[in-house]
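Please open the model in a viewer and keep the selection tool at hand.

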Amino acid sequence: MIAVSAIDSKNHIYRWSNKGDYIDFAALGVNVVTSQGNGKFGRESGTSMAAPHVSAALSCLLLKHGNNKTKALNELTSLAVDLGEQGKDTIFGYGAIYPPKSAL
């Protein structure tokens, strides 16, 4: 299991985001464009919006590393942008996971 906190576009923690020793990573989870059941788009905030960013990154790394979880997690950790206190902390974990620039 990987625990994810939500940050906004300025790398501030979402006010209702989880915090604790168990947090592994942070990702964009504030004011995220989502599809809604009525066929329209809206904006949502929360860790449920942040977690898919980390899941997608890890999925790509698992594919790259032949489903080797240790290698994939090590690379994901090395890709995290450290925020807050240096090293793993209780707010951002190892740091923020951002989409690759080519995906933007």
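**Stop 1: helix α1**

Select residues 47-64, which form helix α1. This helix has 18 residues and reaches 26 Å from its first C-alpha to its last, close to the 26 Å expected at 1.5 Å a residue. The expected span is 1.5 Å times one less than the number of residues. Helices (H or I, at least four residues) and strands (E, at least two) are DSSP runs, numbered from the N terminus. The model is predicted: local features need pLDDT of at least 70, side-chain atom pairs count only at pLDDT 80 or more, and totals for chains, interfaces and linings use all residues. Residues are numbered from 1 along each chain as its sequence is written, and side-chain values use heavy atoms, with hydrogens and water left out.

Next, show the side chains of A50, V54, L58 and L61, which are the buried residues of α1. Seen down the axis of α1, these buried residues fall within an arc of 65°, so they line one face of the helix. The arc is that of the directions from the helix axis to the C-beta atoms. Buried means under 20% relative accessible area, exposed over 50%, and partly exposed in between (1.4 Å probe, protein chains only).

Turn to the other side of α1, where S48, C60 and L63 are exposed. S59 also belongs to helix α1; its relative accessible area of 45% makes it partly exposed. From S59, draw a C-alpha to C-alpha distance to K69: the two are ten residues apart in sequence and 9.9 Å apart in space.

What covers the buried residues of α1? Select β1 (3-7), β2 (23-28) and α2 (69-79), which are included in that cover.

**Stop 2: the loop between α1 and α2**

Select G66, which follows α1 and has a positive phi, near 60°. Then move to N67, in the loop between α1 and α2. N67 has a positive phi of about 65° although it is not a glycine. Most residues other than glycine have a negative phi. With a relative accessibility of 58%, N67 counts as exposed.

**Stop 3: helix α2**

Within α2, display A72, E75 and L76, which are buried. They cover an arc of only 100° around the axis, which puts them on the same side of α2. The other side of α2 carries the exposed residues T70, N74 and S78. Among the elements that cover the buried residues of α2 are β2 and α1.

**Stop 4: the largest pocket**

Which residues lie nearest the centre of the largest pocket? Select A57, L79, I97, Y98 and P100, which hold that place among the 16 residues of the lining. The elements that give two or more residues to this lining are α1 and α2. Helix α1 gives the most, with six residues.

The volume of the largest pocket is about 330 Å³. On a 1 Å grid over the protein atoms alone, a cavity is a set of points where a 1.4 Å probe fits but cannot get out, and a pocket is an open set with protein on both sides within 12 Å along at least five of seven lines; lining residues have an atom within 4 Å of a point. Grid points are joined across faces, edges and corners, and a volume is the space filled by probe spheres set on the points.

Colour the lining by residue class: 13 residues are nonpolar, one is polar and two are charged. Here Ala, Val, Leu, Ile, Met, Phe, Trp, Tyr, Cys and Pro count as nonpolar, Asp, Glu, Lys and Arg as charged, and the others, Gly among them, as polar.

**Stop 5: Y98**

Y98 lies in the segment after α2 and, at 39% relative accessibility, counts as partly exposed. Not counting residues up to four places away in sequence, Y98 touches I7, N11, V81 and L83. Contact means heavy atoms within 4.5 Å.

**Stop 6: the loop between β1 and β2**

From Y98, pass to its contact N11, in the loop between β1 and β2. Phi of N11 is near 65°, a positive value in a residue other than glycine. N11 is partly exposed, at 26% relative accessibility.

Finally, select H12, placed in the loop between β1 and β2. H12 is partly exposed, with a relative accessible area of 47%. Leaving aside neighbours within four places in sequence, H12 is in contact with A6 and I7. The C-alpha atoms of H12 and G84 are separated by 9.5 Å, although the residues are 72 apart along the chain.
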